[in-house]
Amino acid sequence: MAEAKASMWHQTDQINMSVQMADISLDASRAALDGSSEALTLKINCNLKNIARGQCAVTIQPRADAPDDSGTAENAARGQLHIFVDRPLMTATVTVSARYFDQLTGFMSRASSRPMELVLTLEDALAVSLDGDLRIDSETIIAITGIVATIPVK
């Protein structure tokens, strides 16, 4: 019965993660005189939740050309997820509107005893076993089309 369960696969277009550590870096060489947040980068290390035995290093930056109206399609997150075949590590680079970036970093700065969660939505689905094993044959890069952060408040 265990062998039958391990051989069952499903498709998922989301990567669920639990945040372990987050830092904001400020690049002085890119800092704008007008005080914009384009020189800021949010670097987050996460453990994967729906894929077994893995971690993801997420980099989030504000996008200069995105309008601050969060309801528009141009404002959606976009980026790339890089999956390595030879190690249990993924890297994600995501750009979001400056407004979303500011809200995210503002909420993250409040202390909580529970970890924050991130969900990346992918353009293409991945094959994952019921045990959480990811099936890829080679190094893979997939477009990211969305990001959702769940931040504990109590």
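Colleague: How do the residues lining the largest pocket divide into nonpolar, polar and charged?

Modeller: Happy to go through that. This is a predicted model, and in it the lining of the largest pocket has eleven nonpolar residues, three polar ones and three charged ones.

Colleague: Which residues lie nearest the centre of that pocket?

Modeller: Of the 17 residues in the lining, Arg53, Phe84, Arg87, Pro88 and Leu134 lie nearest the centre. The volume of the largest pocket comes to about 240 Å³.

Colleague: Let's turn to the strands. What should I keep in mind about side chains in a regular strand?

Modeller: The general idea is that side chains in a regular strand alternate between the two faces of the sheet. A strand to look at here is β4, which covers residues 78-83.

Colleague: Which strands does β4 run antiparallel to?

Modeller: One is β5 (residues 89-97), joined to β4 by six bridges. Another is β8 (residues 140-150), joined to β4 by five bridges. As landmarks, Gln80 has Thr93 as its bridge partner in β5, while Ile83 stands opposite Thr140 in β8.

Colleague: What separates the C-alpha atoms of Arg78 and Ile60?

Modeller: A distance of 9.9 Å, with the two residues 18 apart along the chain.

Notes
Residues numbered from 1 in each chain as written. Predicted model: local features only at pLDDT ≥ 70, side-chain atom pairs only at ≥ 80, totals over all residues. Heavy atoms only, no water. Helix = DSSP H or I, 4+ residues; strand = E, 2+ residues; numbered from the N terminus. 1 Å grid on protein atoms, 1.4 Å probe; cavity = no way out; pocket = protein on both sides within 12 Å on 5 of 7 lines; lining within 4 Å. Points joined across faces, edges and corners; volume = space filled by probe spheres on them. Nonpolar A, V, L, I, M, F, W, Y, C, P; charged D, E, K, R; others polar. Pairing = 2+ DSSP bridges.
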